[in-house]
Amino acid sequence: MEFAIEVPGETAPLSPHQVYLALQSAGSSQQLQIQTGTQQLQVWETQRGYYTLLQAVYLDKSLPSEVRYLAIIQLKNGIDKYWRKTAPNAITKEEKVEIRSHLIEGGIDESNQRLALQNALVVAKVVRIDYPMDWPDVLTNLIKVLRQAHQTNQTHLRRGMLILLQVVKELSTARLRNSQTSLQSVTPEIVFLLNEAYTLKVATWMAFLSGSGEDEGGALEAMENSLYVIKVLRRLLIVGYEFPNHSKDVQQVWELSQHQFGQFLDMVSRDPPFLVSPAKELVEKHLVQFSKLHVQMSSLHPAAFALLPSSLDLVRAYWGLVDKFGESYGSVTEDFSAKSVNPDEKMKNQRSVMEKLCLKGLTLLRACLKMAFSPTQSFKYRTPEVKEEQSQGVALIKSQLLSDELVCQMANVIVTKFFIFRQVDLEAWEEDEDEWEIREEGGGDTWEFEVRPCSEKLFMDLVIHFSHLLVGPLLSFFQSVAGTEQASVVMKDAVYTAMGLSAPVVFQSFDFDAFLTSTLVKDIQQNLTSYKVLRRRIAILIGQWITIKISEENRPLVYQIFQHLLKKEDETNDYVVRVTAARQFKAVVDDFSFVAEGFLPYAPDFLGRLMALILEVENTETKMAILETIRVIAMRLEGHISPFADQIVSILPGLWEASGEEHLLKQAILTLLSTLVTAMRDKAQRYHTLILPLVQRAVEPGSEMQIYLLEEALDLWSTILAQTPSPATPEILSLAENVFPLLEIGSDNLRVVVGIVESYVLLAPEAMLGDTLRLRLVSYMTNLMGVKKRDLAGLVTSVIENIIRAAESLGGADGTRLIAKDLHEAAYIEKVFGLLHDAWEAHQTFGPNKRYPKLDDVVETDYFTILARLALADPAVFASILGLVGNADEVWAWLSTEWFQHFDSMANIDRQKLSCLALTRLLELPSPMTSLVLSRLQDYFAMWTSVVSEMSAGREDMGDNLIWEAYEGTGLEGLEDTRRRAQAAADPIHSVHTFEFVKQRLARLVGECGGEEQFQSQWTVDVDKDVLEAFRRLGTGENIEPRPFWDQDGNVLGP
């Protein structure tokens, strides 16, 4: 380390010595030194030459190992942040070359395993980015090192294998086709070398074990090296070949893996033991690696797996292993007091190699069923040859593996062996009930790591795909065991497990209602301690069957069973039984056939016991599960929950305070409150003093609660507004101020926030349009113009519409003028007219010079909707807006052209009618607007004909399809729904007859123009006769189908 780099502005140069000192400080036990060293290292992160010096510190074996370790960690972190060319302050090309030149050598010669591992991770990260473009020879060089070492230097071989293992791991996750192809091109050479090395190493330690050698240390070293080789080899066989079964090398390794799997399994299974530690553990690790190879090949290359040599025999061998393991798996008793045979408490939580291999065997059988019945679909092109291979593989699995005998045997062993609780499970239940219940409840992908859940998945696959074969034997088995007193509790539990899992298949052949009344009722009344196993299972079983087939007549019996299972006074109902019943009762209440009235007699007792249980529970996840059951009860009872709401709400403050930093529980509490408010409607007002402060704290900008609880708090806030009667209370109104900071966040919750704004405008228009909030509200809505999400853009338009309508309702013409002024000051009007003008200009372009507007049709309709609302409220205000935008004559010329032309793009007939009414109201304006309107008379007649025809389509009375009849509601709608319905009913769209509205204003205009003759001679003479004739026919009752009145070139069409 001869060089130093001067860094401008730094008190010390960036040199090897300074880097060493900084690393030493960062690794110190003194907090001040750690802080100083860490800060200095962070300053150097972007300095040129820093990472070369870190590597130099790592390579200097004279330095303390802790400093070298910290150096290689810093180098690894720097590669993540700065190695890519596109990264800010990326490492220079020259420095990368320097670092790469020492990476492999620095790992091969490293004696410290911990340091060698970190260097191997560095190599892998660099290879992931640079291979093959910037470091094309890395794998070739690594192969050379391995070829030289495997005959001479075992340490170098192990270090080389460590590097290769990390590189293959990293490249196996690459998604770029170039990286995958490059790895596959070099894989055959690596596999050939590894196969040779593996064979040699295994021969070495096998010779020692057979008594032909005396070098125990060399044998153990050979074992470790062969283990490294098989770790790399199994990954390469999976990711290094697109079609592994086509390669002779893969076939050879595959056959070798099967042969040695049997060999090694015999070695570790002998009694008395043939091997002792550490050799026994190393051989077991070889077995686990083989099993991983077999399982991954079956799942990632299913067709290749089926066509590789002796694969079906391999699966049968695995099943033999599983069957044998099952003989010693389950417990023959249900004794909770017995202690495990193994006195070592630590070993109880460690799985034996036989259990691991059994788990792999079950997973392999699941993969075979998937190959046969649910093959993975892919968009990737497959040649006819590949398709044929895949078909052959499926045929082999179905015809030669999944025989009727094997399927029945698997189902029998799973139910009678693996569904039975082990003694260690029963002990674990007794030792830590909370932990045991959570572990057993765990779903998702946990089946891959435990024998019992994995066997449950396999059983379900078998029952689904071989129902014709298994339903009969299963029903016989259910009846033979469940209906007798001789069967043990754990055996009954196993049968009930199978009964629940197979419910979707056997329900048509099995009378569960009769079984419920004759057998399950008796089982839950048994008071022996061991029967708590069965009580837990009965709760799960009913939860599985309730959605499939339980009669309405037996619903009260189901409620009574769960009522009994929740009784703490019954000693057999221990913690696990009661928590399981609480979890499973959610499925009972959430069933489609649930009738609230039938449950009401049981509701007080259920809710009381659930709330007592939640106070007893300590685990957060379990509390959340019980809260969810209570929430679903509240949701399904709807208004009937009100008598019990005080009891529910009373426990929530204590749960909130006790949760501390457990924000997931707080989320569940807020969700429960939302459900209660929805169910109780206006009766929930009595809880506002409790709820509103929680909402306010959860939406405060910068608060910790906002980070974790914002989504749930917004949902609760929105629900409160939707169920609050008018007039709103001061507490509700005071929350409105909190909505504005949330409008600036721009998160996924923005739609909910804008929905809250709309709810406030509907609930308390006077407050929202007061001087304090109005202009701010309009300004924020202006800032949201142009949002990409369609639903959000439509909601913003709806808010502006409601503001305009509320202003007109509260203040008449003055209110409309005030809102128009605010929209102008907030630049909303300016933006709308600017974008509409751009659309008009774009629509004037044709041919090669044609361009498209910035607005799409839907957003343009939104903007015309706002202008229509203003014009419909007060046409004089609209006329003044034209003057604010520019010269009124010029603005009207292009705006009216675009507006009339856009009618055919308005997909919503409500919007068409709104624009029609608004433009028609402009006929009321005095000169000079009169002449501007009359200049577009042909457009008006064409619009009236089209819209009126649309409104009266399918009617003989020339009525209006959009006029609503008086409707009082259903009584089930929320208060906000009632407000929306009332507001919609008062909307001119639903209260004004279009044709009558047009006739009245047209007649007035004709009168102002001097009468019909003068009107015809001066104005309608320029209107197309066909257009006039179509309009005249509107009042005759002649059928005029609604049709476009503009062609593609913007010309008015005749009828």
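Biologist: Which residue's side chain does D822 join in a polar contact?
Modeller: In this predicted model, the side chain of D822 is joined to that of R774 by a polar contact of 2.2 Å. D822 itself sits in helix 41, which covers residues 790-825.

Biologist: And is D822 buried or exposed?
Modeller: D822 counts as buried, because its relative accessibility is 2%, and the cut-off for that class is under 20%.

Biologist: Switching to salt bridges, how many does a search of the whole structure find?
Modeller: The search finds 58 salt bridges. One of them is between the side chains of D523 and K492, with an N to O distance of 3.2 Å; this pair links distant parts of the chain, since D523 belongs to helix 25 (residues 512-523) and K492 to helix 23 (residues 489-501), 31 residues apart. Both D523 and K492 are buried.

Biologist: What about E628 and K586, which parts of the chain do they link?
Modeller: The side chains of E628 and K586 meet in a salt bridge at 3.7 Å, N to O, and the pair ties helix 31 (residues 620-637), where E628 lies, to helix 28 (residues 575-589), where K586 lies, across 42 residues.

Biologist: Which residues are linked in a network of salt bridges?
Modeller: E355, R422, D425, R439 and E440 are linked in such a network. Separately, E924 forms a salt bridge with R921, where the closest N and O atoms are 2.8 Å apart, and both E924 and R921 are buried.

Biologist: New topic, how much space lies in the second largest pocket?
Modeller: The second largest pocket holds about 1400 Å³ of space. It is lined by 48 residues, and those closest to its centre are S299, L300, H301, P302 and T376.

Biologist: Which helix gives the most to the lining of that second largest pocket?
Modeller: Helix 16 gives the most, with six residues. By class, the lining of the second largest pocket is made up of 22 nonpolar, 16 polar and ten charged residues.

Biologist: Now the backbone: where is there a cis peptide bond?
Modeller: A cis peptide bond joins Y131 and P132, with omega at about 5 degrees, and P132 lies in the loop between helix 6 (113-130) and helix 7 (138-152). The bond from S277 to P278 is also cis, with omega near 0 degrees, and P278 is placed in the loop between helix 11 (248-269) and helix 12.

Biologist: And what is phi of R681 near?
Modeller: Phi of R681 is near 55 degrees, which is a positive value in a residue other than glycine; R681 is in the loop between helix 33 (663-680) and helix 34 (688-699). A827 likewise has a positive phi, near 70 degrees, and its place is in the loop between helix 41 and helix 42 (828-843).

Note on methods:
Residues are numbered from 1 along each chain as its sequence is written. This is a predicted model: local features need pLDDT of at least 70, side-chain atom pairs count only at pLDDT 80 or more; totals for chains, interfaces and linings use all residues. Side-chain values use heavy atoms; hydrogens and water are left out. A salt bridge is a side-chain nitrogen of Lys or Arg within 4 Å of a carboxyl oxygen of Asp or Glu. Helices (H or I, at least four residues) and strands (E, at least two) are DSSP runs, numbered from the N terminus. Buried means under 20% relative accessible area, exposed over 50%, partly exposed in between (1.4 Å probe, protein chains only). A polar contact is a pair of N or O atoms within 3.5 Å; within protein, one must be able to donate a hydrogen and the other to accept it, and residues adjacent in sequence count only if both atoms are side-chain atoms. On a 1 Å grid over the protein atoms alone, a cavity is a set of points where a 1.4 Å probe fits but cannot get out, and a pocket is an open set with protein on both sides within 12 Å along at least five of seven lines; lining residues have an atom within 4 Å of a point. Grid points are joined across faces, edges and corners, and a volume is the space filled by probe spheres set on the points. Ala, Val, Leu, Ile, Met, Phe, Trp, Tyr, Cys and Pro count as nonpolar, Asp, Glu, Lys and Arg as charged, and the others, Gly among them, as polar.
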